[in-house]
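Colleague: I am new to this structure and would like to know what some of the labels rest on. Could we go through them one by one?

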Amino acid sequence: MNTIIIVDDESLVRVGLQSIIPWEEYGYTVSGAYHNGREALDACMRSMPDAILTDIRMPVMDGLEFIKNVRSLSPRVPIVILSSYDDFEYTRTAIQLGVQDYIQKHRLEPEELIKMLDGLKIENNGNGEEEARQQIQRLKKEKEELLAAASRAESAGNRSSEPVPSGVFPELEKRIAELGPYACWMMIVPNSPSWREESHPLSYSFLVQEELERYRHTDYLGARGSVVHALFYAGEELPEQEALREHVSPFCENLLESLRQKCNTEFAIGIGGPSLFANYEGMYRGATSALASLFYGENAIVFETGGAEWTKYTEEQWIEIYKTLKKHIQQERFDELVAWLDGPSTEAGIIQPKDWLRIGGMLATQVTDFLIEHYALDVEKIKQHFGDLWPLERFIDRPQRKSDWITAIRLVFERTNALIVSVRANKTWLIKIKAYVNERYAEPIRLEDAAAHVYWSENYFSQRFSQETGMTFSEYVASVRIAAAKELLKNGDRSTEDIAALVGYVNANYFVKVFKKTTGLTVSEFKSQHKS
């Protein structure tokens with residue numbers, strides 16, 4: 001596997017080159033990405049890569065000066081210039097210094113770059129540098145294995161206090177021997193929902209890695225989902241909590257400020273308590289707990305205190321929570337529900353953010369179901385009303401803080417209330433029409449008269465009535481008349497002709513047909529049933 005370093009003062013170029021090309025599939029690995037020639041030269045003095053991709057115009061030490069220094073160290077290492085539009089004169093000078101090739105940034109295609117690198121004469125630099133590269137690769141692999149092992153243990157709920165045996169992570173253990181033996185696990189996460197999408201973590205993890213490599217006491221481990229993991233070496237003695245904060249906080253503040261400037265978004269860091277490296281599972285759990293605590297505060301840097309007791313609900317308790325949510329929603333007691341959610345979590349402790357998100361998912365589903373079932377709204381109409389809040393579950397899932405989560409819930413309920421008010425206002429005409437029919441069912445009722453009663457055209461009235469009630473206007477009038485006829489048949493010995501006239505049917509034979517179609521019984525059968 002050939003090693004490559006990237007040197008460019010533009011973070012978009014560094015991140016882009018690392019993220020858009022599957023380097024290892026082509027037999028390469030990016031061993032470092034640097035802001036300027038000075039940083040890159042220091043890296044080359046430690047271990048010369050197999051090839052170099054470098055910009056020309058950079059601060060501190062530009063590309064030409066960097067190339068001169070590299071050539072004094074190794075006359076053979078291939079160098080490729082990352083050229084801009086107006087770098088021709090610089091590029092020509094660089095070629096005179098022994099640069100093998102150049103490629104223009106604005107026309108860079110991954111396949112073209114790989115083809116160019118494959119065409120370079122990459123040689124073994126000797127002097128123990130091959131061993132150094134292999135050591136870098138072993139360290140990288142150990143970090144990946146460490147992160148994977150810690151993640152598996154956490155997912156499985158493993159609470160084993162057994163320390164990891166010596167020799168499992170030999171390269172990391174060398175780092176620990178030099179900078180430890182105590183270390184803290186760190187988790188860095190973006191606050192912005194858009195940066196938590198799957199397409200983004202890889203890019204900002206490269207930026208975090210760059211920052212971590214500038215500090216002697218930190219090691220970048222890798223990314224899982226939207227979380228970037230790292231180790232901070234705390235020294236030879238177990239530090240007190242306050243001493244740890246004083247030691248780690250300046251680094252974290254600088255890291256957050258750098259990420260804020262480069263990514264134009266806010267990040268947060270959860271830091272586990274210091275421990276011997278052998279207890280890496282405990283370190284991981286501590287950082288996870290600290291990261292979860294961010295949900296309840298406002299600080300961007302949170303240290304594990306060891307005092308938090310996370311409540312875990314049983315399935316029976318989840319059922320009770322479901323019932324409580326449903327009762328409040330069906331009774332439209334939204335303010336009471338927000339107050340209940342915003343109150344103390346439990347007497348035993350606080351619940352994990354993932355459980356709040358589960359509650360949010362329940363709320364989103366129940367609000368939607370309630371509007372469909374109680375107000376006969378279709379999903380498309382609900383979606384249009386909620387607009388940028390739709391889908392509700394995803395909107396409620398976005399906040400990184402409890403206070404923001406409550407705000408999101410409150411906004412969902414505000415729009416729910418507004419929709420209910422709107423629906424009720426729109427139903428006023430229907431209530432008016434139903435009253436109109438109830439008052440006049442014994443008389444001839446024409447659709448055009450009913451439409452005129454609410455100042456609508458006949459066509460629009462007919463369409464809206466069918467949409468809102470699921471039946472035509474004539475079917476509704478018939479249902480009201482037959483309901484009145486049934487009561488008359490139950491409570492007296494009037495003739496069929498008399499009852500037909502009383503409920504608005506001039507023709508008794510037509511009344512009998514409508515009665516049979518509506519009830520499934522003849523008038524005589526209905527009378528017999530109710531006499532018995």
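Predicted model: local features only at pLDDT ≥ 70, side-chain atom pairs only at ≥ 80, totals over all residues.

Colleague: Which residues of H11 are buried?

Modeller: Trp318, Ile321, Leu325, His328 and Ile329 are buried. They cover an arc of only 100 degrees around the axis, so they lie on the same side of H11. Residues three or four places apart in an α-helix point the same way, because a turn takes 3.6 residues.

Colleague: What covers the buried residues of H11?

Modeller: The cover includes helix H12 (334-341) and helix H13 (353-375). After H11 comes glutamate 332, with a positive phi near 55 degrees.

Colleague: How many aromatic pairs are there, and why is the pair of phenylalanine 461 and phenylalanine 465 called tilted?

Modeller: There are 22 aromatic pairs in the structure. In this one the ring centres are 5.9 Å apart and the planes stand at 40 degrees. A pair needs centres within 6.5 Å, and stacked means under 30 degrees and edge-to-face over 60, so 40 degrees falls to tilted. Both residues belong to helix H19 (residues 458-469), and because they are four residues apart, about one helical turn separates them.

Colleague: What makes phenylalanine 461 count as buried?

Modeller: The cut-off is under 20% relative accessible area, and phenylalanine 461 has 0%, so it is buried. Phenylalanine 465 has 1%, so that residue is buried too.

Colleague: Why is the pair of phenylalanine 515 and phenylalanine 526 called edge-to-face?

Modeller: The planes are at 80 degrees, with the ring centres 5.5 Å apart. Phenylalanine 515 is in helix H22 (residues 508-519) and phenylalanine 526 in helix H23 (residues 523-531), 11 residues apart. Both are buried.

Colleague: Which residues form one aromatic cluster?

Modeller: The members are Trp429, Trp456, Tyr460, Phe461, Phe465, Phe473 and Tyr476.

Colleague: How do you know that the charged end of arginine 358 sits over the ring of tryptophan 318?

Modeller: The charged end is 4.0 Å from the ring centre, and the limit is 6 Å, along with an angle within 35 degrees of the ring normal. Arginine 481 likewise lies over the face of tyrosine 505, at 5.3 Å from the ring centre.

Notes
Residues numbered from 1 in each chain as written. Heavy atoms only, no water. Buried < 20%, exposed > 50% of the residue type's maximum accessible area, 1.4 Å probe, protein only. Helix = DSSP H or I, 4+ residues; strand = E, 2+ residues; numbered from the N terminus. Arc of directions from axis to C-beta. Contact = heavy atoms within 4.5 Å. Phe/Tyr/Trp six-rings, centres within 6.5 Å; stacked < 30°, edge-to-face > 60°.
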